[in-house]
Amino acid sequence: MHMLAGALPPGPPLPGAGKISEKGLPMFTLQRIFRRPDYKSDVTQFIDQLKAEQPDLEARQRAGRAIWWDRHIDREAQEDWRESNVPQKPYVYGTEPPKL
C-alpha cells in the first residue's frame, strides 16, 4: 500500500497531513488520491459557457423570479377573499329539492 504514496504527484500540503487513517496510510495520501482540482463536470462547464455567452442571464433570472415569487402580500385583500368565500356543497349537482 505504501508504494501508492510514492506514485502520487507532488502537491501542496493538505489539511490532516499528520494524521494516520485506520488502514495505516497517512491522511494526506488518501486526500491526494481523491483530489481532483482541475475537474469540472459537464453541467458545470455548460453553465459556465452559458454565463459567458449571456452575461445578463442572472439579471433576467432575477427579473423572472420577481414576476412570480417576490411579491408583496396584501393581507387586507387576502382576508376579504377568505371572508367572501362560500362553502361548497358536498355534491354540487342535484342537491336542491325539485321546485314544484
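Trainee: What does D48 count as, judged by its relative accessibility? Please set the answer in its surroundings.

Mentor: D48 counts as partly exposed, at 35% relative accessibility. In this scheme, buried means under 20% relative accessible area and exposed means over 50%, with partly exposed in between, using a 1.4 Å probe and protein chains only. The model is a predicted one, in which local features need pLDDT of at least 70 and side-chain atom pairs count only at pLDDT 80 or more, while totals for chains, interfaces and linings use all residues. Residues are numbered from 1 along each chain as its sequence is written, and side-chain values use heavy atoms, with hydrogens and water left out.

The side chain of D48 meets that of K40 in a salt bridge, with 3.3 Å from N to O. The term salt bridge stands for a side-chain nitrogen of Lys or Arg within 4 Å of a carboxyl oxygen of Asp or Glu.

A search of the whole structure finds 4 salt bridges. One of them joins D56 and R60, whose closest N and O atoms are 3.5 Å apart. D56 is partly exposed at 41% relative accessibility, and R60 is partly exposed at 44%. Another salt bridge brings together R62 and E58, at 3.4 Å from N to O. These two residues both belong to helix α4 (residues 57–68), where they sit 4 residues apart, about one turn of the helix. R62 counts as exposed, at 54% relative accessibility, whereas E58 is partly exposed, at 33%.

V43 lies in helix α3 (residues 42–53) and is exposed, at 55% relative accessibility.

Helices (H or I, at least four residues) and strands (E, at least two) are DSSP runs, numbered from the N terminus. Of the 100 residues of the chain, 6% count as buried. The chain exposes about 9,700 Å², of which carbon and sulfur atoms supply 59%; such areas come from the Shrake-Rupley method with a 1.4 Å probe, and for residues only the protein chains shown count as cover. Among contacts (heavy atoms within 4.5 Å) between residues at least 6 apart in sequence, 15% join residues at least 24 apart.

Confidence deserves a final word. The predictor's confidence in each residue is given as pLDDT, from 0 to 100. Its mean over the chain is 77, and 69% of the residues reach 70 or more. Among the elements, helix α3 has the highest confidence, at a mean of 95, and helix α1 (residues 2–7) the lowest, at a mean of 48. Over residues 1–6, pLDDT stays under 50, and the model has 5 contacts beyond four places in sequence for them. Where pLDDT is low, the predicted coordinates should not be read in detail.
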